[in-house]
Amino acid sequence: MLKVGVTGGIGSGKSVVCQVFATLGIPVFNADDTAKYLMENDASLVTAIRRLLGDDVYIAGKLNRDKVSALIFKDPDKLRQLNALVHPATISYGQNWFQSHATPYAIKEAAIFFESGSYKDIDVMIGVSAPLELRILRAMKRSNQSREKVLGIVASQMDEDEKMKRCDHIIVNDDLTAVLHQVLRLHEVLLARAGY
């Protein structure tokens, strides 16, 4: 089975693109959602996070995401250490997920494939690209975050141009170009590459 990665910066519309693939019957693994799940449900990961950030980042077993964000975005070393805990757990979970499917190809959606090194396990990388200002507005609207907070996230991610250069295919999601046609065309390319 072909392993396909879908990546892009915050607000690029990765999830929208993956929803279109899902309607075509393609399984989609969301790395960010899985990481959030594991950070609350994987006992060894929870213990390691408590050790790194303190017991008070959990309230009744739920991760206090605002507190974690406040801690890690002002301390790049803490962010690096947290990523070093969460990324391997998420990558391992994703590898098992891929093995559980028997479709021509399956998709893993993640913002930080190249930063985490998980792109090495992927056969084809798809980048989702959108203009920066549109990405900022989408992210602010979606998560009700301030412009400053979204810009902080953008600054912590790999440069968008660099990320797109590393991808095998790019889907433009600028609210002007039809995403559906791009996904359908790419679906045919991926099926052919998978030997279907």
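N30 stands opposite E109 in β5. That pairing belongs to a predicted model, in which local features need pLDDT of at least 70, side-chain atom pairs count only at pLDDT 80 or more, and totals for chains, interfaces and linings use all residues. Residues are numbered from 1 along each chain as its sequence is written, and side-chain values use heavy atoms, with hydrogens and water left out.

**The sheet**

Five strands make an open sheet, in the order β2-β5-β1-β6-β7, with parallel pairing. Strands (E, at least two residues) and helices (H or I, at least four) are DSSP runs, numbered from the N terminus. Two strands pair if DSSP finds at least two bridges between them. β2 (28-30) and β7 (169-172) are the edge strands, each pairing on one side only. On average, neighbouring strands are turned by 25 degrees against each other, direction ignored.

| Residue | Opposite residue in β5 |
|---|---|
| V28 | I107 |
| N30 | E109 |
| G5 | K108 |

β2 and β5 pair over three bridges. β1 and β5 pair over five bridges. Five of the five residues of β5 are buried, so the strand is largely enclosed by the rest of the structure. Buried means under 20% relative accessible area, exposed over 50%, and partly exposed in between (1.4 Å probe, protein chains only). Y105, I107 and E109 point one way from β5, while A106 and K108 point the other way.

**Helices across the sheet**

α1 lies across β1, β2, β5, β6 and β7, and runs at about 160 degrees to β5. α2 (residues 31-41) lies across β2 and β5, at about 50 degrees to β2. Axes are lines fitted to C-alpha atoms, for helices over the stretch in contact; angles run from 0 to 180 degrees between N-to-C directions. Contact means heavy atoms within 4.5 Å.

**The cores**

A nonpolar core is a set of buried Ala, Val, Leu, Ile, Met, Phe, Trp, Tyr and Cys residues joined through side-chain atoms within 4.5 Å. The largest has 19 residues; V4, F21, Y105, I107, I126, I171 and L190 touch the most other members. α10 gives the largest share, five residues. Apart from this core lies another, of 17 residues, among them I49, L53, L79 and V86.

**Helix α4**

In α4 (residues 65-73), the buried residues are V68, S69 and I72. Seen down the helix axis, they fall within an arc of 100 degrees, so they line one face of α4. The arc is that of the directions from the helix axis to the C-beta atoms. These residues pack against α3 (43-53), β4 (62-63), α5 (76-99) and α8 (147-156).
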